[in-house]
Amino acid sequence: MGRQPSDLKNIIAAHAHRSHIGGMAELKRQTNAKVYAHEWEIGILEGQRKATRVSLWPKAPLAAYKLQFGLAIGFDGHKPCPVDQSLKEADHVGPLTIVSTPGHTPGCLSFYWPEKKALFVGDVLVTWPRVEAGWAGLTLDMRQNVQSVGKLSDFGDVEIVGVGHGEPIPHGGIEVLKKLREQKV
Ligand SMILES: [Zn+2]
Ligand SMILES: [Zn+2]
């Protein structure tokens with residue numbers, strides 16, 4: 001991207017699952033950036049407690065079972081990363097507005113960038129291996145997660161949706177969100 005590590009000023013954790021925070025301590029060390037997370041996720045990020053376990057029983061999509069298995073048996077460690085500041089609904093970091101979107105985990109955050117009509121949703125929805133409102137096997141409360149999709153679909157002006165797993169949705173993000181809020185759980 002033509003940037004130096006020192007250009008990175010802020011790191012925000014969407015939530016504290018290993019696939020999102022595994023390299024965060026090292027990234028913070030190399031950049032000296034400020035780390036933010038929802039209060040509920042901070043203890044996990046800092047290594048004081050483990051992420052909430054999920055069932056071993058395989059749930060669709062099976063392509064994601066490797067991650068579900070890791071979270072089920074506790075093979076999900078990461079190097080603890082100190083958090084500088086907690087975030088909650090309607091806070092701001094740079095151009096981003098923080099949106100509380102619990103369900104996948106209690107402290108899941110999404111980020112809305114109005115000028116770009118872009119929404120970054122972590123694991124509230126996934127586009128890999130198919131587009132859906134969260135992986136059932138890794139989401140702690142699917143009903144609440146779909147409610148969070150509904151909340152995001154009320155934003156109105158969303159073109160781009162960036163997700164934690166899979167390709168971004170470059171156009172028509174709001175239509176995708178409106179469809180997924182109807183997903184049965
Ligand atoms: Zn996750
Ligand atoms: Zn994830």
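## The largest pocket

By class, 16 nonpolar, 7 polar and 3 charged residues make up the lining of the largest pocket, a feature described here from a predicted model. The space in this pocket comes to about 960 Å³, and among its 26 lining residues the ones closest to its centre are Leu 8, Asn 10, Ile 11, Ile 12 and Leu 96.

Strand 1 (10-12), helix 2 (24-31) and strand 6 (109-113) are the elements that give two or more residues to the lining of the largest pocket, and strand 1 gives the most, with 3 residues. Domain 1 (8-68) and domain 2 (88-180) each contribute at least three residues to this lining.

## The second largest pocket

The second largest pocket holds about 220 Å³ of space and is lined by 15 residues, with Arg 18, Lys 66, Leu 67, Gly 70 and Leu 71 lying nearest its centre. Its lining divides into 6 nonpolar, 5 polar and 4 charged residues.

At least two residues of the lining of the second largest pocket come from each of helix 1 (18-21) and helix 4 (65-73), and helix 4 supplies the largest share, 5 residues. At least three residues of this lining are drawn from each of domain 1 (8-68) and domain 2 (88-180).

## The cavity

The structure also holds 1 cavity of 30 Å³ or more, and the space in the largest cavity is about 30 Å³. Ala 16, His 17, Trp 40, Glu 41, Ile 44, Ala 51, Thr 52, Thr 105 and Leu 140 form its lining, which divides by class into 5 nonpolar, 3 polar and 1 charged.

Notes. Residues numbered from 1 in each chain as written. Chains lettered and ligands numbered in written order. Predicted model: local features only at pLDDT ≥ 70, side-chain atom pairs only at ≥ 80, totals over all residues. Heavy atoms only, no water. 1 Å grid on protein atoms, 1.4 Å probe; cavity = no way out; pocket = protein on both sides within 12 Å on 5 of 7 lines; lining within 4 Å. Points joined across faces, edges and corners; volume = space filled by probe spheres on them. Nonpolar A, V, L, I, M, F, W, Y, C, P; charged D, E, K, R; others polar. Helix = DSSP H or I, 4+ residues; strand = E, 2+ residues; numbered from the N terminus. Domains from an automatic or database assignment.
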